[in-house]
Amino acid sequence: MMRRYLSLYLVPLMLGLAGCRAPATALTPAEQTVRAADSGTITGDVRRHAAFASKYLTDKRDLWVYLPPGYESHPRDRYPVLYMHDGNNLFDANTAFLGNEWHMDETAERMIRSGELPPLIIVGVSNTPARLDEYTWKPGAMQGKPMGGKGSLYARMLVDEVKPFIDKTYRTKSDRANTGVMGSSLGGLISLYLAKHEGATFGKIGAMSPSIWWSDRAVLADMKGLRTDDRLWLDMGTQEGDTPEDEVEGARMLDQELLGFGYVSGRSLQYMEDEGAGHNESAWARRAPMALRFLFGSTTTR
């Protein structure tokens with residue numbers, strides 16, 4: 001089951017080729033404002049904090065911060081925050097995997113200005129060459145080589161270092177009801193870990209195309225105890241990997257487990273199968289507005 005991802009996604013990421021560019025030369029997270037004039041693919045107010053260092057993990061990484069329209073002109077307002085993995089893939093095609101970004105800046109600008117989404121801050125935490133280790137909390141193997149299992153350290157970095165830095169630097173609503181986390185593939189997998197083990201911090205969870213297959217579907221046995229007052233988005237494309245029926249089966253199994261724990265379909269849980277969608281940034285970008293609407297907008301019904 002794992003082999004099909006070697007050529008599709010994971011090995012390029014593991015080798016640092018998935019938009020994981022070398023960090024900026026700055027050694028402190030000094031604020032840099034990245035505007036459309038600097039990069040034709042960035043819309044609105046996106047700021048980069050270069051080479052953010054952690055005491056838990058070796059690799060430094062950039063933090064990308066999207067600020068909503070009106071942030072500067074309404075200095076007393078505070079905003080919900082969505083933390084996202086693979087932050088280098090979210091806003092700028094120049095740093096994204098194969099040049100394919102999620103267009104989260106354009107999506108958020110459009111939805112906020114149209115009233116579909118309340119103003120919110122989006123924090124993109126860039127990946128590193130250690131992505132596979134950092135986004136998995138159970139050890140596994142790739143091509144017979146043991147890998148993975150540092151997800152708990154990545155979680156500590158997010159909760160103990162990144163979130164306090166963002167809360168100090170920007171005007172956030174820092175409570176769990178206004179704090180979300182979202183990612184895709186292994187980023188979707190680690191988002192589920194954060195829902196389980198950091199539920200006091202994150203109340204909105206987005207797991208897009210989560211790598212349920214990792215470590216013999218260990219995630220299916222590890223979700224019991226989730227706080228069912230969360231709002232959780234789960235999805236899967238029907239053409240992901242070499243055997244897409246296995247991916248859909250795993251997602252359906254997780255959906256049923258979550259319902260069994262007490263999640264309510266269309267209220268606290270939204271599961272979606274994207275017909276014909278593969279395992280790529282374009283598919284996740286297309287589904288991102290639906291996930292944002294469910295997590296931060298009004299509830300919908302399935």
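Are Trp-137 and Tyr-193 buried or exposed? Both Trp-137 and Tyr-193 are buried (under 20% relative accessible area, with a 1.4 Å probe and protein chains only). The model is predicted, so local features need pLDDT of at least 70 and side-chain atom pairs pLDDT 80 or more, while totals for chains, interfaces and linings use all residues. Residues are numbered from 1 along each chain as its sequence is written, and side-chain values use heavy atoms, without hydrogens and water.

The structure contains nine aromatic pairs (ring centres within 6.5 Å, taking the six-membered ring of Trp). Tyr-83 and Phe-202 have ring centres 6.2 Å apart and planes at 80°, so the pair is edge-to-face (over 60 degrees). Tyr-83 lies in strand E4, and Phe-202 in the loop between helix H6 (186-197) and strand E9 (204-208), 119 residues apart. Tyr-83 is buried, at 2% relative accessible area. Phe-202 is also buried, at 1%.

Helices H3 (residues 104-114) and H9 (residues 281-296) pack at about 50°, with axes 10 Å apart. Contacts (heavy atoms within 4.5 Å) involve Met-104, Thr-107, Arg-110 and Met-111 in H3, and Ala-288, Pro-289, Leu-292 and Arg-293 in H9. Buried residues of H3 include Met-104, Thr-107 and Met-111. After H3 comes Gly-115, with a positive phi near 85°.

Methods:
Axes are lines fitted to C-alpha atoms, for helices over the stretch in contact, and angles run from 0 to 180 degrees between N-to-C directions. Helices (H or I, at least four residues) and strands (E, at least two) are DSSP runs, numbered from the N terminus. Buried means under 20% relative accessible area, exposed over 50%, partly exposed in between (1.4 Å probe, protein chains only). Rings of Phe, Tyr and Trp (its six-membered ring) pair if their centres lie within 6.5 Å; planes under 30 degrees apart count as stacked, over 60 as edge-to-face and the rest as tilted.
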